[in-house]
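Please read the following note beside the sequence and the model. The points are numbered so that each can be checked in turn.

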Number of protein chains: 2
Amino acid sequence: ELIATSPAPEQDPLPSWNEGSTKSAILDYVTAVTNPDSADFIPIDDRIATFDNDGNLWSEQPAYFQLFFAIDRVKVMAESHPEWKDTMPFKAVLEDDMAGLISTGEHGLLELVMATHAGMTAIEFESIVDDWLKASKHPRFDRPYNDLVYQPMLELLTYLRAHQFKTFIVSGGGVSFMRVWTEDAYGIPPDQVVGSSIKTVFEYDNGQASIRRLAELDFIDDKAGKPIGIHKYIGKRPVFASGNSDGDLQMLQYSADNTYKSFQLYLHHTDAEREWAYDRDSSIGRLDKGLDEAAAKGWTVIDMKGDWNVIYPFQVD
Amino acid sequence: ELIATSPAPEQDPLPSWNEGSTKSAILDYVTAVTNPDSADFIPIDDRIATFDNDGNLWSEQPAYFQLFFAIDRVKVMAESHPEWKDTMPFKAVLEDDMAGLISTGEHGLLELVMATHAGMTAIEFESIVDDWLKASKHPRFDRPYNDLVYQPMLELLTYLRAHQFKTFIVSGGGVSFMRVWTEDAYGIPPDQVVGSSIKTVFEYDNGQASIRRLAELDFIDDKAGKPIGIHKYIGKRPVFASGNSDGDLQMLQYSADNTYKSFQLYLHHTDAEREWAYDRDSSIGRLDKGLDEAAAKGWTVIDMKGDWNVIYPFQVD
Ligand SMILES: [Ca+2]
Ligand SMILES: [Ca+2]
């Protein structure tokens with residue numbers, strides 16, 4: 001088989017991106033660092049690109065999709081947990097009381113995650129996530145959650161890979177939750193997905209080998225955890241880093257302090273009509289310090305409303 | 001560029017392997033699972049191959065090479081640690097008293113590792129390892145340690161990759177120690193190296209972004225830790241697993257309980273003349289339960305003396 005190393009020059013590799021400074025900045029960077037005659041040339045092995053997921057490769061409103069998963073699981077599992085009717089945070093979930101759920105804070109959310117993500121084997125969990133994705137629909141768009149990936153970001157991932165970048169997800173979301181569907185959705189295989197995790201044990205019985213998921217945190221891949229996770233899982237510093245919130249700031253800082261020419265990209269949610277508009281005051285995907293630092297450092301900021309002519313793949317003609 | 005999907009039929013992809021049942025078993029397996037018309041066909045995305053490192057891709061006698069690194073580092077660092085002259089395990093190292101060092105047990109070795117592997121930034125550590133590799137020689141062969149990789153295993157890695165297997169290292173050794181040289185030695189990039197690790201923190205100061213290594217264990221990638229590490233880092237079950245000691249047994253068991261046709265490979269060190277001969281009674285790389293299970297399960301066992309016509313690349317004509 002042949003591998004296309006670059007698109008024909010007359011073809012637009014980023015058709016869902018409007019012409020302008022954002023699109024130009026991306027194209028100019030990739031052109032510069034992949035040209036062997038350029039002083040900015042980066043050898044193929046060092047072309048590491050890292051992407052946040054929630055709110056960066058797919059939507060994250062009105063709540064993280066993995067939280068919808070946990071909520072749906074609580075409702076399914078409630079039948080065998082009658083005590084949940086009277087116990088927070090489960091009570092709030094069963095009563096569709098989102099404010100009550102949020103009032104339980106980080107501790108309540110963690111309890112929710114452990115009750116729904118731990119106890120089973122890895123294979124069982126993967127099949128639970130897969131079934132949920134097939135059966136569930138996003139409340140606003142009435143479509144499967146994995147339909148709500150961003151078409152322009154799919155094009156960017158494909159464009160980078162065509163220029164021999166290795167693309168990784170580096171997300172605060174659960175790594176085992178993501179790996180079920182990220183290969184199909186983004187063309188990113190499980191071993192290139194870095195995320196938060198819980199501890200596991202290995203079980204072996206008469207030829208049957210399983211990984212069992214424990215209700216104990218292993219690693220939180222957020223904020224300073226992102227460069228730590230990149231070092232732990234990838235072992236190279238990214239030259240291209242893309243995120244949408246203050247939780248990505250350290251990843252972008254880590255990428256920016258580079259011996260190679262590097263690229264830092266923030267997605268600014270500015271499109272209340274086609275998607276959502278939120279930034280400095282949002283509890284989900286807050287982008288505040290990141291906006292200031294992007295301005296100060298000259299990082300590229302995507303204005304979703306102005307820079308993207310389409311949001312989701314199902315909207316492409 | 002073109003990618004060669006398979007060698008021409010008349011070319012031997014494993015020239016350092018003698019004809020016989022071991023070589024045939026490998027060739028037959030790869031042929032079966034990469035043939036789209038075969039019932040045993042494995043899709044490319046699921047062709048995951050995992051390799052132990054010490055004693056499996058390079059030698060591990062008379063001691064793990066990473067232990068030689070730690071010992072050499074103690075000797076260099078001793079000047080600024082006068083107290084080490086009277087403190088075990090450092091005293092034993094400085095007096096070349098290997099028996100004394102071993103008598104300090106796991107705790108002593110851990111202390112040695114932390115003193116020599118922690119405190120500095122990731123970049124500093126990588127440069128220390130790189131410098132050491134360039135300056136140090138193996139006591140028996142008087143060659144750089146990374147000359148002592150196994151030529152037949154290099155051919156096997158290349159052969160698997162030519163058939164679109166993704167090759168990973170899964171080793172009890174330190175991941176940051178290995179990643180410095182495994183891309184050059186084996187063609188395996190840092191993000192495909194799974195190993196033991198210590199905790200790190202992210203430091204940021206005025207544009208300078210660093211990962212600092214802490215004297216605290218994070219993960220031990222050995223025995224049951226190997227399938228756990230594979231699940232954590234790779235997220236898919238290997239179809240091909242290769243090791244040389246009881247520390248690999250769980251990885252081979254995990255691989256063997258597979259929905260796909262899978263392959264389990266043990267390297268048996270039987271060549272006292274060209275390399276070393278050791279198995280059931282060795283303190284380094286003990287292969288005891290593994291030999292029994294390989295016999296019981298029909299796993300493939302490499303007889304180094306009989307199956308390999310050359311050991312190291314520098315011995316190739
Ligand atoms: Ca995000
Ligand atoms: Ca070994």
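1. A salt bridge is defined here as a side-chain nitrogen of Lys or Arg within 4 Å of a carboxyl oxygen of Asp or Glu. Side chains of opposite charge can pair when their charged atoms come close. Under this rule, 40 salt bridges are counted over all chains.

2. The model is predicted, so local features need pLDDT of at least 70 and side-chain atom pairs count only at pLDDT 80 or more, while totals for chains, interfaces and linings use all residues; side-chain values use heavy atoms, with hydrogens and water left out. Residues are numbered from 1 along each chain as its sequence is written, and chains are lettered from A and ligands numbered from 1 in the order in which they are written.

3. In chain B, the side chains of Lys23(B) and Glu19(B) form a salt bridge with N and O 2.9 Å apart. Residues are called buried under 20% relative accessible area, exposed over 50%, and partly exposed in between (1.4 Å probe, protein chains only). Lys23(B) is buried, with a relative accessible area of 1%, whereas Glu19(B) is exposed at 64%. In chain A, salt bridges with shared partners join Asp12(A), Glu19(A) and Lys23(A) into one network.

4. Lys236(A) and Asp46(A) meet in a salt bridge of 2.9 Å, N to O. Lys236(A) is buried, its relative accessible area being 16%. Lys226(A) and Asp52(A) also form a salt bridge, again 2.9 Å from N to O.

5. How many residues does each chain bring to the contact between chain A and chain B? Chain A gives 43 and chain B gives 43, where contact means heavy atoms within 4.5 Å. The two chains bury about 3,600 Å² between them, 50% of it on carbon and sulfur atoms; buried area is the accessible area (1.4 Å probe) that two parts lose on being put together, summed over both. Across this interface the rule finds 6 salt bridges. Asp191(B) forms a salt bridge with Lys166(A), the closest N and O atoms being 3.0 Å apart.

6. Helix H2 (residues 65-77) of chain A has 13 residues. Of these, 10 are buried, so the helix is largely enclosed by the rest of the structure. Among the buried residues are Phe65(A), Leu67(A), Arg73(A) and Met77(A). The buried residues of H2(A) pack against several elements of chain A, including helix H3 (90-94), helix H4 (98-103) and helix H5 (105-117).

7. Thr167(B) lies in strand E2 (residues 166-174) of chain B. At 1% relative accessibility, Thr167(B) counts as buried. Leaving aside neighbours within four places in sequence, Thr167(B) touches residues including Ala49(B), Phe51(B), Leu157(B) and Ile188(B).

Conventions:
Helices (H or I, at least four residues) and strands (E, at least two) are DSSP runs, numbered from the N terminus. The expected span of a helix is 1.5 Å times one less than its number of residues.
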